[in-house]
Amino acid sequence: RRAGSAGPRRSLLFLRHQLGLPRSASARSARVGLLGAAGAAAAASLRCPAGGMGLDPLFQAWSYFRRRKLRQCSELCSELLERPPGEQVPGGVLLYPVQAAWSLKTRALTEMVYVDEIDMDEEGIAEMLLDENAIAQVARPGTSLKLPGTSQGGGPSPAVRPVTQSGRPITGFVRPSTQSGRPSTMEQAIRTPRTGLSARPITSASGRYGRLGTASMLTNPDGPFINLSRLNLAKYAQKPKLAKALFEYIFYHENDVKNALDLAALATEHAQFKDWWWKVQIGKCYYRLGLFREAEKQFKSALKQQDMVDTILYLAKVYLRLDQPVTAMNLFKQGLDRFPGEVTLICGIARIHEEMNNISSAAEYYKEVLKQDNTHVEAIACIGSNHFYSDQPEIALRFYRRLLQMGVYNCQLFNNLGLCCFYAQQYDMTLSSFERALFLAENEEEAADVWYNLGHVAVGIGDLNLAYQCFKLTLVNNNNYAEAYNNLAVLEMQKGHIEQARALLQTASSLAPHLYEPHFNFAILSEKVGDLQRSYTAAQKSEEAFPGHVDTQQLLKQLKQHFAML
């Protein structure tokens, strides 16, 4: 290589990023080209002040932004905006456009609170129970996410794999949609699944978006950077580079959807309705406001102009909120025809199959994900949990070890490793894995899960006193752990403490009405002491939670014979 070739190559890469050209053919590169004004200005002001002393302040701020030092970038831009243009500094005159510093600070403040809305979606209680967007109140089996449905893919039964309160098996990877499912009553919706850590907001607008607004206040203790009430949106809509940065600031940082929608409408009108990016943003505003049909029209129009993976994912989110999983799945498959091997689309199909209780199909699609991206954490975790609940702990252990090799190092992974080692009869690693999980537990809820699993291990080796202590420690860490109440009741029944067992089972069934075990155990206990009416009621609830449970059916048959004899 010639001696002078490094300089032009470096500046070429710099200008490439400045002008917003995509760094790769990634589907997520749609947001790169928003810094046109700031980038071009920074490129134009590369020359240092006369005398060659120090770095140009605007270029330094842009460098901070590139290195994700957003706080320093914002503070430096604020200093530049406070100076009058053309100010004399030691060694020369500072020449920079005010628009560039303004645009750069806007982007830095946006990036501080930016959340990718494709994966993060919170559904509040109001959206779930007051939803009027459903097409059919009584949907056909296999076409709705609201009805738990039966297992269509021959997956493990609730006797083997735990279920959420919506009746779906728990997944190997926690996402917002897998936390608790759709409740059937207001009381069930308001009661949190475990603790306040996973509490649902009353509406999605009062949840994460409210917290983002609080974060935006913290970033500007002296008041808002831009006074939206005095902003002339029509003027900014005519400047595409500034308008895009301003829209993201209003939408993400200020959480003012109405003003963001007004700006997007003016800007897309100025662009003569030919800019697909603005149509996607209008669709996002409509989605945030709950106008799903209008959002669907905007996303479809954007897809006609520019085929983007992000737009497909947003449109699928609309269909899922409208409870049309089959339409969303077809959309993903059409997207795969145009973008073969796109991981996010394959993963979207797998998630829908999993939410519709079609576990075997979900596992096949997760394997397809791993063929394209063998470091996809969600796919590895879900396949591992599927093997574990399919009575293949040795294979599950290989997947969890793969996660460990990739650098995932948390309480949940070591908890799963401990369970896999125990059921695979590798007892030397079981207790050490659980010890590491307890050490890495970040909160009481995680510690409760570990103690609960340790109780299961103790039951498996026959040490009932240790199991009793572990389940007690579970309740110390998390007082709403229904499964621990149920297991403690079984241990109390073995000791002959009938009244204590009955109280524990009643607590468990009230905390988790979707579990069949507390209802069935209460039915057995009541039948033993001669309280046949309570036994029959509890057995009916058990059958409702798990229709295929043979022991419940036999108990109901016996009770009906007793009642017939009376």
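How many helices and strands are there in the chain?

1. **Overview.** The chain has 28 helices and two strands; helices (H or I, at least four residues) and strands (E, at least two) are DSSP runs, numbered from the N terminus. This is a predicted model, in which local features need pLDDT of at least 70 and side-chain atom pairs count only at pLDDT 80 or more, while totals for chains, interfaces and linings use all residues. Residues are numbered from 1 along each chain as its sequence is written, and side-chain values use heavy atoms, with hydrogens and water left out.

2. Of the 566 residues of the chain, 48% count as buried. Buried means under 20% relative accessible area, exposed means over 50%, and partly exposed lies in between (1.4 Å probe, protein chains only). Among contacts in the chain with a separation of 6 or more, 59% come from residues 24 or more positions apart; a contact means heavy atoms within 4.5 Å.

3. **Helix 11 against helix 12.** Two packed helices are described by the angle between their axes and the distance between the axes. Axes are lines fitted to C-alpha atoms, for helices over the stretch in contact, and angles run from 0 to 180 degrees between N-to-C directions. Helix 11 (residues 257-270) packs on helix 12 (residues 276-289) at an angle of about 155°, and their axes are 9 Å apart. The two are therefore roughly antiparallel to each other. On this scale, angles under 35 degrees count as roughly parallel, over 145 as roughly antiparallel, 65 to 115 as roughly perpendicular and the rest as oblique. The contact includes Val257, Ala260 and Leu261 of helix 11, and Trp278, Lys279 and Ile282 of helix 12. By class, its residues are 11 nonpolar, one polar and two charged. Ala, Val, Leu, Ile, Met, Phe, Trp, Tyr, Cys and Pro count as nonpolar, Asp, Glu, Lys and Arg as charged, and the others, Gly among them, as polar.

4. **Helix 12 against helix 13.** Now follow the chain onward. Helix 12 and helix 13 pack at an angle of about 165°, with 8 Å between their axes. That makes helix 12 roughly antiparallel to helix 13. Among the residues that meet here are Trp276, Lys279 and Val280 in helix 12 and Phe292, Glu294 and Ala295 in helix 13. This contact has nine nonpolar, four polar and three charged residues.

5. **Salt bridges.** A salt bridge is a side-chain nitrogen of Lys or Arg within 4 Å of a carboxyl oxygen of Asp or Glu, and by this rule the count comes to 11. One of them joins Arg293 and Glu296, whose closest N and O atoms are 2.8 Å apart. Arg293 and Glu296 are three residues apart in helix 13 (residues 292-305), so about one helical turn separates them. Arg293 is partly exposed at 35% relative accessible area, whereas Glu296 counts as buried at 10%.

6. **A bridge between two helices.** Arg351 and Glu378 also meet through their side chains in a salt bridge (2.7 Å, N to O). Because Arg351 lies in helix 16 (residues 343-355) and Glu378 in helix 18 (residues 377-389), the pair ties together parts that are 27 residues apart in sequence. Glu378 is buried, with a relative accessible area of 4%.

7. **Around Ser526.** What does Ser526 touch, not counting residues up to four places away in sequence? Its partners are Asp531, Arg534 and Ser535. Ser526 sits in helix 26 (residues 516-528) and counts as buried at 0% relative accessibility. Arg534 and Asp531 form a salt bridge, with the closest N and O atoms 3.6 Å apart. Arg534 is partly exposed at 41%, and Asp531 is partly exposed at 25%.

8. Buried or exposed: which is Asn357? Asn357 counts as buried at 6% relative accessibility. This residue, not a glycine, has a positive phi near 70° and lies in the loop between helix 16 and helix 17 (359-372). Asp391, also not a glycine, has a positive phi of about 65°. Asp391 belongs to the loop between helix 18 and helix 19 (393-405) and is exposed, with a relative accessible area of 67%.
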